[in-house]
Amino acid sequence: DKGVHKHFMAKEIHEQPTVMSYALSQYTAADRAAVALPGIAVDFTGFDRVVMVACGTAHLACHVAKYWFEQLARIPVEIEVASEFRYREPPVAPRTLAIFVSQSGETADTLAALRYMRGRAAAIAAVVNVLESSIARESDLVFPIHAGVEVGVASTKAFTCQLTVLAALAILAARQNGRIDAAREAELVSALESVPAAMAQVLAHEEVYGPLCWELSKASDVLFLGRGAMYPLALEGALKLKEISYIHAEGYASGELKHGPIALIDETVPVIVLAPSDALFDKTVSNMQEVMARGGRILLVTDQAGLSRASEGLWQSLRLPPVDPFVAPILYAVPAQLLAYHTAVTKGTDVDQPRNLAKSVTVE
Ligand code: M6R
């Protein structure tokens, strides 16, 4: 049932404040000052490295988590696309934790990669939405994301709930490795706690996306840029847009712009920059100036502080509530989804059942 929404995707985008709050409540202590796993024991001091394997949007959640685990817990993380990983048959170091992320828990390549790791990794963990799935059944540790049934082929609430659970695990790993104290842990948890309300604020101003996406719908190519943990969000924004609006879109690390993609820039290629005002913001501003100097049109997605530092010469902007940079990738998923959704609606494509795509890719 779509309720008041025209599409399941819209309904699922709007469910995010609620499902994220619930997911978080399942991974935090009653006083909301620390991470607490729901009856699952995991000791990250027993692992030297983490390998995360997934496909599509789930892979991009792993990509964000790599930044979190490495920065907070100082554990080296490799992220892998399941279809490459399984056929490459890589050597696996002992004391490796393998984490498989999948909404459906049935993605053929992810499942095959899991089976490859059986007997090679020290432990196998699954971050899944569907608990009765093959990937959940074949894992030693199962971390449910509690997103509820996701119908739209374009993954939305599963992505933000995957991020929520992976963020909680990264905080736990940091604590177990002695990298953060109780006060820092409470700060990180409270940053996560602030996201659902910030998401609700973004959703309350959804009307700004209509006119913006009418402009975007005329483009045949769109670039997304991001730095740090916003780089995977740039990839996710591009994946969502191409998947449901059929507009060609690419995501790049902002710093890679001058190594090739800048050759594409002219006034016909909108460049969407996902850049909360964080430690890397000024670097991104100089990348934006390079785009503008070549006649490129920039849509900057940032917060008030970001806009006051870099509003000059922008084509368009979206202002988001300020959040701790740690949780920005979760919040910035929402405008990325809304941009794709409203562009697709403007173009009249089949939002919930985009051509050539299946919700769950159970054959390779
Ligand atoms: O069920 P899974 O999370 O394993 O699915 C992985 C991908 O097929 C999925 O995320 C796909 O990329 C989505 N259609 C993206 O919106």
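Select F47. It is buried, with a relative accessible area of 13%; buried means under 20% relative accessible area, exposed means over 50%, and partly exposed is in between, with a 1.4 Å probe and protein chains only. The model is predicted: local features need pLDDT of at least 70, side-chain atom pairs count only at pLDDT 80 or more, and totals for chains, interfaces and linings use all residues. Residues are numbered from 1 along each chain as its sequence is written, and side-chain values use heavy atoms, with hydrogens and water left out.

Stay on F47. Where does F47 sit? F47 is in the loop between α2 (16-25) and β1 (49-54). Helices (H or I, at least four residues) and strands (E, at least two) are DSSP runs, numbered from the N terminus.

Now show what F47 touches. Leaving aside neighbours within four places in sequence, F47 is in contact with V42, R95, T96, L97, A122 and A123. Contact means heavy atoms within 4.5 Å. F47 and P76 are 29 residues apart in sequence, and their C-alpha atoms are 9.9 Å apart in space.

Select R32. R32 also lies in the loop between α2 and β1. Check its backbone: R32 has a positive phi of about 60 degrees, although it is not a glycine. Is R32 buried or partly exposed? R32 is partly exposed, at a relative accessible area of 35%.

**Then the segment after α14**

Jump to N356. N356 lies in the segment after α14 (328-347). N356 has a positive phi of about 70 degrees and is not a glycine either. With 77% relative accessibility, N356 counts as exposed.

**Into helix α10**

Select residues 209-216. This is helix α10, and L212 is in it. L212 is buried, with a relative accessible area of 4%. Which residues does L212 touch? Not counting residues up to four places away in sequence, they are L299, Q316, L318 and L339. L212 and H342 are 130 residues apart in sequence, yet 8.7 Å apart in space, C-alpha to C-alpha.

Move along to C213. C213 is buried, with a relative accessible area of 0%.

**The cysteines**

A disulfide is a pair of cysteine sulfur atoms within 2.5 Å. The structure holds 0 disulfides.

**Zoom out**

Now show the whole chain. Colour it by secondary structure: there are 14 helices and 10 strands. The radius of gyration is 20 Å, close to the 21 Å that the globule rule gives for 364 residues, so the chain is as compact as a globular protein of that length. The radius is taken over C-alpha atoms, and the rule is 2.2 Å times the number of residues to the power 0.38.

Along its principal axes, the trace spans about 55 × 45 × 45 Å. Of the 364 residues, 57% count as buried. Among contacts between residues at least 6 apart in sequence, 74% join residues at least 24 apart.

Last, colour by charge. The chain has 31 positive and 40 negative side chains, and the centres of the two sets lie 2 Å apart. Lys and Arg count as positive, Asp and Glu as negative; His and the chain ends are not counted. Each charge is placed at NZ of Lys, CZ of Arg, CG of Asp or CD of Glu.
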